[in-house]
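This report describes a structural model chain by chain and then turns to selected local features. The sequence and structure are shown first.

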Amino acid sequence: MSPKKKEPKTEPKPQNTADVKIGSIKFPISEAFRFSLESIRKRFTRALITAFSVLLGIAFMVAIMTMGIILPLIDQTPPPQYQTWMAIIALLVCGVGIVNSMLMSVTERYKEIGTIKCLGATDTNVLQIFLIEALLLGVLGGVIGACAGWGATTVIYMINQPQYVDRILNTTNFVTYFTYIGEGIGIASLLSVAAAAYPAVYAARLNPAEALRYEV
Amino acid sequence: MGEAVSAVKVVDVHKIYHLKGEEVHALQGINLEIPHGEYLSVMGPSGSGKTTLFNMIGGIDRPTKGDIFIDGVDLSKIPSRAMAWLRCQKIGYIFQTFNLIPVLTARENVALPMTFLGVPKAERQQRAAELLTIVGLGDRLDHRPTELSGGQQQRVAIARALANNPAIILADEPTGNLDLNTGFAIVQLLYRLKAERGTTIICATHDLKMIDISDRVVFLRDGTVENIEKRRGLVLSAEEFEE
Ligand SMILES: Nc1ncnc2c1ncn2[C@@H]1O[C@H](COP(=O)(O)OP(=O)(O)OP(=O)(O)O)[C@@H](O)[C@H]1O
Ligand SMILES: [Mg+2]
C-alpha cells in the first residue's frame with residue numbers, strides 16, 4: 001500500500017544539524033506574576049478558602065495582641081505571664097493554620113506542576129509561580145485579618161466599656177496598633193511563603209513524570 | 001563533515017521502577033536511531049514499555065541506565081534549563097493521559113506552552129484558536145476539559161503539542177479515544193507535518209491507518225525491541241502481531 005495520494009509532494013526538509021542550538025525559556029518574573037494572578041482567579045473559591053484561613057489566624061493573633069494594650073487602659077491588667085502565654089498560643093494557632101492550608105494548596109497541584117514542567121516551565125519558574133501565589137494570598141489574608149482582628153477587638157471594648165473610648169482611641173496608642181497590624185501582615189506573608197516553599201521546592205525538583213504520577 | 005545527526009538516538013536504555021521493594025524492569029536495553037523527518041510507529045502490547053520509552057525520549061523521566069540523544073545532545077548532560085527548553089520548543093508530547101490542566105479552558109491549555117517562550121498573549125490566544133480549529137474544536141475554545149468528551153480532550157492535547165511547532169512529536173496513542181473519521185483526520189494531520197515541515201513523528205499506536213503511513217515500525221515486547229520493520233509488506237505482519 002502506498003501513502004495517501006492527496007498528500008503534497010514536498011520533500012521532507014532535512015533540518016540543519018550542523019549547528020544544533022539549544023535555546024532558552026523566556027518567562028520573566030512579570031509573566032510569572034501574571035500567571036499567579038490568573039491562577040488565583042481561576043480557582044477563586046479555593047484561593048479564598050486558603051486566604052481565609054490565613055485571615056482567621058492573623059485576626060486571632062492581632063486580636064490577642066490588641067487586647068494586651070486595651071486591657072490596661074480599662075484597668076483590667078491581666079498578669080504579664082498570662083499575656084505572654086496567650087501571645088505564644090495565638091502565634092502557634094495562626095502558624096499551624098497558615099502552614100497547613102498553604103501546604104495543601106500546593107500539594108494538591110503536583111500534577112499541574114508536572115504538566116507545566118513538561119510544557120517548558122523551569123524549576124525556577126515553578127517556584128516563582130507558587131511563591132508569588134502564596135505571597136499574594138498571604139498578604140491578602142494578612143491585611144484583612146490584621147485589620148479585622150484589631151477592629152473587632154477595639155469595637156467590642158468600646159461598646160462594652162463606653163466610658164473608656166477616649167483612652168482606647170488615644171492617638172498615642174495608634175503607633176502600637178499599627179505596629180501590631182504591620183507585624184500581623186508580615187507574619188502572614190512570611191509564613192505563607194515559607195509554608196508554600198517547602199512543597200513547591202520539592203515538586204519543582206521532581207522529574208515531571210514523577211510529579212505527574214503524584215497522588216495526594 | 002560527519003554523518004548527519006539523528007533526531008533521536010536511544011542507546012541501551014534501561015528503566016527500572018521500584019515498587020514496594022520489588023523491581024519492575026519496564027525497559028531492558030532499548031537501542032533506536034530515528035533520523036530527522038521519519039515517521040516511526042511504536043507497537044507493542046499493553047505494558048510493553050511504550051509510554052516509559054516516550055517519557056525518556058521526551059525528557060520528562062530519566063533512564064536508570066543508558067543515554068538519550070536529541071539532535072546529538074545527551075539529555076543526561078545538559079542543565080535543567082536547557083531541558084525545559086527542549087520540552088517546550090523541540091518536543092511536542094501528546095500524552096496518553098492528556099494531562100490537561102482542569103481549571104484552564106481548551107484555548108488556555110493550548111496556549112500554555114507558548115507562555116514559556118515569551119509569545120505575547122494576543123498571539124498565543126490566536127494561535128491556540130487556530131490549532132483547535134485544525135483539530136476540529138473551533139467551537140469549543142472556552143470549554144474546560146471536564147466539559148469535553150474524552151476524544152475532544154485528546155484533540156486539545158494534540159493541539160497543545162503542536163503549539164510551538166516542535167521538531168519532534170511524541171504521540172502516545174493519539175487516536176486511542178477517537179472515532180474512525182476523527183482519527184483519520186489526526187493521522188492526516190501528523191502525516192502533513194512530516195511531509196511539509198519535516199517534523200519527526202514518533203507514534204505509539206495500534207491503529208493500522210497510522211502503521212500504514214509510517215516509515216518504520218518498532219515492535220516492543222517486555223521492554224525490549226522485538227523487531228523493526230520498514231513499512232513495505234508490513235500490514236500483514238502487523239495483523240499477525242495483533243493476535
Ligand atoms: N510508575 C511506575 N511504577 C512502577 N511500574 C511502572 C510505572 N510505570 C510503568 N510501570 C510498569 O512498566 C511497564 C511498562 O509500562 P508502560 O506504561 O510503559 O506500558 P505501555 O506500553 O505504555 O502500555 P499501554 O499500551 O497500556 O499504555 C508496565 O509493566 C508497568 O506496570
Ligand atoms: Mg502507554
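Two residues are in contact when they have heavy atoms within 4.5 Å of each other. In chain B, residues 24 or more positions apart account for 68% of the contacts with a separation of 6 or more. In chain A, 88% of the contacts between residues at least 6 apart in sequence join residues at least 24 apart.

The model is predicted, so that local features need pLDDT of at least 70 and side-chain atom pairs count only at pLDDT 80 or more, while totals for chains, interfaces and linings use all residues. Residues are numbered from 1 along each chain as its sequence is written, chains are lettered from A and ligands numbered from 1 in the order in which they are written, and side-chain values use heavy atoms, with hydrogens and water left out.

**The two chains**

Helices (H or I, at least four residues) and strands (E, at least two) are DSSP runs, numbered from the N terminus. On this basis chain A has 8 helices and 0 strands. The radius of gyration, taken over C-alpha atoms, is compared with a globule rule of 2.2 Å times the number of residues to the power 0.38. For chain A the radius of gyration is 26 Å, well over the 17 Å that the rule gives for 216 residues, so chain A is more spread out than a compact globule. The C-alpha atoms of chain A fill a box of roughly 95 × 30 × 30 Å along the principal axes.

Chain B contains 8 helices and 10 strands. Its radius of gyration of 18 Å is close to the 18 Å given by the globule rule for 243 residues, so chain B is as compact as a globular protein of that length. The C-alpha trace of chain B spans about 50 × 45 × 45 Å along its principal axes.

The table gives burial and surface values. Buried means under 20% relative accessible area, exposed over 50%, and partly exposed in between (1.4 Å probe, protein chains only). Accessible areas come from the Shrake-Rupley method with a 1.4 Å probe, and for residues only the protein chains shown count as cover.

| Chain | Buried residues | Accessible surface | Carbon and sulfur share of surface |
|---|---|---|---|
| Chain A | 44% of 216 residues | about 11,400 Å² | 68% |
| Chain B | 59% of 243 residues | about 10,100 Å² | 50% |

For charges, Lys and Arg count as positive and Asp and Glu as negative; His and the chain ends are not counted. The place of a charge is NZ of Lys, CZ of Arg, CG of Asp or CD of Glu. In chain A, the mean positions of the 18 positive and 14 negative charges are 12 Å apart. Chain B has 27 positive and 30 negative side chains, with the centres of the two sets 7 Å apart.

Donors are N, O and S atoms within 2.8 Å of the metal (3.2 Å for Na, K and Ca); water is not among the atoms, so sites may look incomplete. The protein donors of the magnesium ion (ligand 2) are Thr51(B), through OG1, and Gln96(B), through OE1, at 1.9 to 2.2 Å. Thr51(B) lies in helix α1 (residues 50-57) of chain B and Gln96(B) in the loop between β6 (91-94) and α3 (106-115), so that the pair links parts of the chain 45 residues apart. Thr51(B) is partly exposed at 29% relative accessibility, and Gln96(B) is partly exposed at 36%.

Most residues other than glycine have a negative phi. Glu173(B), however, has a positive phi of about 50°. Glu173(B) sits in the loop between β7 (168-172) and α6 (180-197) of chain B and is buried, with a relative accessible area of 18%. Leaving aside neighbours within four places in sequence, Glu173(B) is in contact with Lys50(B), Gln96(B), Gln154(B), Ala204(B) and His206(B). Among these residues, Gln96(B) is also a donor of the magnesium ion. Asp12(B), in strand β1 (residues 8-19) of chain B, has a positive phi of about 45°. Asp12(B) is partly exposed at 28% relative accessibility.

**Helix α2 of chain B**

In helix α2 (residues 80-90) of chain B, 8 of the 11 residues are buried, so the helix is largely enclosed by the rest of the structure. The buried residues include Trp85(B), Leu86(B), Arg87(B) and Lys90(B). Their cover includes α4 (110-118) and α8 (208-213) of chain A, together with β4 (65-70), β6, α3 and β7 of chain B.
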